[in-house]
Amino acid sequence: MATTAPHGAPVPLLDSAAVERWRATSGAVVDLLTLARELGGVSGVRLGPRPTVLVTDPEAVRHVLALHPDRYVKRSHRARVLVGDGVLSATGEAWKRQRRLLQAQFTGAGIRRYEERIAAAARRAAERWAAAARTGAPTDVAEDLRFFALDTIWRSLTGHPLDEATNRELAAVEAVGAALPSTPSAPADMEALRATVAADLARIDAVAARAIAAARRGEAGPDGPGVLRVLVDAGETRREYTDQLIRDELVTLMAAGHETTATTLSWLYLLLDRHPEARRWALDAGPEGSPERENALRALVSEACRLYPSAWLIPRHATEDDTLTGYRIEAGTDIFVCPYLTHRDPALWPDPERFDPTRFAGVDRSSRQGAYYPFGLGARACLGAQFAMRETTELLRHLLPAFTPAFRATPAATVFGFTVRPDGPMPATITPDGP
């Protein structure tokens, strides 16, 4: 959607009558943003005392996220109560230092260090579904996928497979996430919020403290040391890596590293249930292990991420006056970049509500910059994007040819919170299958 305006034009603002109609009907923030998008790819909506600018146009997205990150900055994060000063919420020079330390662990050769751990977690997930298929006992697919994602990141962080006791304790991560403000601009009394989730934070802190202490004692898991060892080593040579920051980084990687992956996989399995022909298309693309099969699996994941991007809303803050595709942006303006709406723009994606993985068959995803950005864009794009794609496709290699979940019920609603996720469990019986 082209939104270039005469230079210095004011951002079109959703009128108060439309806002009042929205309040009287759904009240859902995503519906309000959808109304605002109808004004164009750069528009305004009043969520607080001053308008917030909504950005969905690809050129404007690139301008904000990729070309001028110094003008449009991340001020904090609504998950700070959970992740503290970890890399997700850090800003400025602190963020640059933390990102540099972790970057090598989650890209290129760094991912290859953890490939066997990812594969082991996928084999474990396949064994769980094989057992469910043998007995016919129902299972919660969403919970199974969450366990896989947490098992994968836990192995990569600590070198240990996830045990059931730790899994139960880390359910507190989801509880804290559910208590966070629904949007970055939503008012929140952080002290009251912290008090509400104090017990859950204590459980998370206890898990983190045990893992850090074990890493300091050199108690590597069966797969050897993990990313946590890198953080502990940094604490021995860099003053900024205090015990608190090591805890914050560990919890950040643990929380962000499993919830987004689990959510993407949950959506994908719901979509495959509605579109079984997409599963057949992927399996028919080529034999197991072939580049053709691999590309088809990546296409399935990419299309799920288009419809339900991990970061559905990316907040930024304008530090100086600027012109954005012709529109005047004043210093101090809050910006919402919204992949969820960009990815559903019919001017960019024909029949955008349709699940069609062939959109990504043989397509270079980087060629769609600004039109497709499920993990963000630019310097602050998701640190674990390559890792997430690697683990999701590895799990599909094991599960997709062998099993089909027969859902007894599926969530009827969508929750737009820290991530965009299905609202409720996904009970199913597992049917053994074959390619």
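In the predicted model, helix H8 (residues 141-158) packs against helix H14 (residues 243-274) at an angle of about 145 degrees, the two axes lying 8 Å apart; axes are lines fitted to C-alpha atoms, for helices over the stretch in contact, and angles run from 0 to 180 degrees between N-to-C directions. Helices (H or I, at least four residues) and strands (E, at least two) are DSSP runs, numbered from the N terminus. The crossing of H8 and H14 is right-handed, a crossing being left-handed if the near helix is turned anticlockwise from the far one by less than a right angle, and right-handed if clockwise. Among the residues of H8 that meet H14 are Phe148, Ile153 and Trp154, and their counterparts in H14 include Leu250, Met254 and Tyr269, where contact means heavy atoms within 4.5 Å.

Five strands form an open sheet in the order E1-E2-E8-E5-E3, with mixed pairing; two strands pair if DSSP finds at least two bridges between them. Strands E1 (42-46) and E3 (72-73) stand at the edges, each with a single partner strand, so one side of each is left without a neighbour in the sheet. Strand E5 (residues 314-318) runs antiparallel to strand E8 (residues 334-337), to which four bridges join it, and Ile314 stands opposite Val337 in E8. Helix H2 (residues 29-37) lies across E1, strand E2 (51-55) and E8, running at about 135 degrees to E1.

Residues are numbered from 1 along each chain as its sequence is written. Local features need pLDDT of at least 70 and side-chain atom pairs count only at pLDDT 80 or more, whereas totals for chains, interfaces and linings use all residues, and side-chain values use heavy atoms, with hydrogens and water left out.
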